[in-house]
Amino acid sequence: MARTPPATKSRRPKRRRVLLSGAALAVGALSTALALAACSGGSGSTAAPPRIDAPQQLGAPEGRLDLVAWTGYAENGSNDKKVDWVTPFTRATGCKVTTKVADTSDSMVALMETGRYDGVSASGDASLRLIYGGLVAPVNTGLISNYGDIAGYLKNQPYNSVNGQMYGVPHGYGANMLMYRTDKISQRPTSWSVVWDEKSPAAGHVVAYDSPIYIADAALYLKAHRPDLKITDVYALDEEQFDAAVGLLKRQRPNVNQYWANYLDELQSFKSGYNYAGTAWQVTANLALAERSPVATTIPDEGATGWSDTWMVSSKAQHPTCMYKWMNWITTPKVQAEVAQWFGEAPANPKACGFTAKGFCSTYHVGDPGFYKRLAFWKTPVKDCGDDRGDKCVDYARWAQAWTQIKG
């Protein structure tokens, strides 16, 4: 079973949730979102990130490394004495690590805007904002000896690269799976209709992820069931497609009994029988099953959304050599195994499976490109659709505004 940090310090609670007041975004996040309005990471875009050169060689380690990270990604033994991959890194490199834990993607962007940090473990709903905002630099992957071991299907993706240039090193990933109570829903659901249909056996007991990025889950369902909308990319929605997704979410609203940002809150609700079905992470299911709760997970026929995290280097890094050494360290097989099992995710380096508990890698589909291809990984919505529609797509700021209206 995957281990997870204590509830008070868990990385997943509030992870990636956008904190909003009415239609307003946090100042830092809003400025970067608006800056993205004319930019895109999609193919065919004429926009380009600011010109920043990647290093051609590394100097001596600077003795210090300042990170922004999700809880559980840079453990130093303070949560559990047996869980520590930071101290061995410092001994090996001389780089003393200080970590600022962030609980949302927007707070990560805001922290990186200060220029005080050397690197960040960014998710796909933040990475393009960081790239086009000039907050992170291209990465010279030739300086990272473990880069060749990382699964090929995690590289050069729309959420971690632009025009073939990597802006980070893949860390780990996971699916936004459908979890359901087997005592309430006896047959394995084959469709996400179990959370969208008002006549579903889960109606009134549906759980949904509390973030504007959840609009993509509605788009994913419509992609399969409304072919007339011609949705190809669930993060590149034009006005008609976006309106249809928002409309579906508003119709779903009466049947949602919980919007979760803290996966431990969702866990408690499933254990108590308050939730019947909804979006969850595999780590949540593992914890529920360990406590003998009658739950199961599946990827329905429509597929699922997912998240993939990337270590990115600040364009203003004061300790770039230490950051490169960290990216190499964190992608070694043994460390990847430690992080993945502590947090509950698929490691980017499949060689980690040689150091994990029996059955772990099969549970998380490590090194399975077929599983990966069934997932639509989070990326920041921008105006440029990345196709012949041009700048007709709805950007992230609009997604965030719509989310407050959806929840009411």
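Outside the four places on either side in sequence, serine 121 makes contact with Val68, Ala69, Trp70, Tyr73, Met108, Thr310 and Trp311. The model is predicted. Serine 121 belongs to strand β3, which covers residues 119-122. The relative accessibility of serine 121 is 1%; because buried means under 20%, serine 121 counts as buried.

For the protein as a whole, 14 helices and 15 strands were assigned. Of the 408 residues, 62% are buried. The accessible surface amounts to about 15,700 Å², and carbon and sulfur atoms account for 49% of this area. When contacts between residues at least 6 apart in sequence are considered, 76% of them connect residues at least 24 apart.

In soluble globular proteins, nonpolar side chains tend to be buried together. In the present model, the largest nonpolar core comprises 127 residues, and Ile215 and Trp326 have the most contacts inside this core. Helix α6, spanning residues 215-225, is the element that gives the most to the core, contributing seven residues. Residues of the core come from both domain 1 (64-174 + 308-372) and domain 2 (177-280 + 384-407), and the core therefore lies between the two domains.

The surroundings of isoleucine 215 were also examined. With neighbours within four places in sequence set aside, isoleucine 215 is in contact with Leu237, Phe242, Ala245 and Leu249, and also with Trp399, Ala402, Trp403 and Ile406.

Definitions and conventions. Residues are numbered from 1 along each chain as its sequence is written. This is a predicted model: local features need pLDDT of at least 70, side-chain atom pairs count only at pLDDT 80 or more; totals for chains, interfaces and linings use all residues. Side-chain values use heavy atoms; hydrogens and water are left out. Helices (H or I, at least four residues) and strands (E, at least two) are DSSP runs, numbered from the N terminus. Buried means under 20% relative accessible area, exposed over 50%, partly exposed in between (1.4 Å probe, protein chains only). Contact means heavy atoms within 4.5 Å. Accessible areas come from the Shrake-Rupley method with a 1.4 Å probe; for residues, only the protein chains shown count as cover. A nonpolar core is a set of buried Ala, Val, Leu, Ile, Met, Phe, Trp, Tyr and Cys residues joined through side-chain atoms within 4.5 Å. Domain bounds come from an automatic or database domain assignment.
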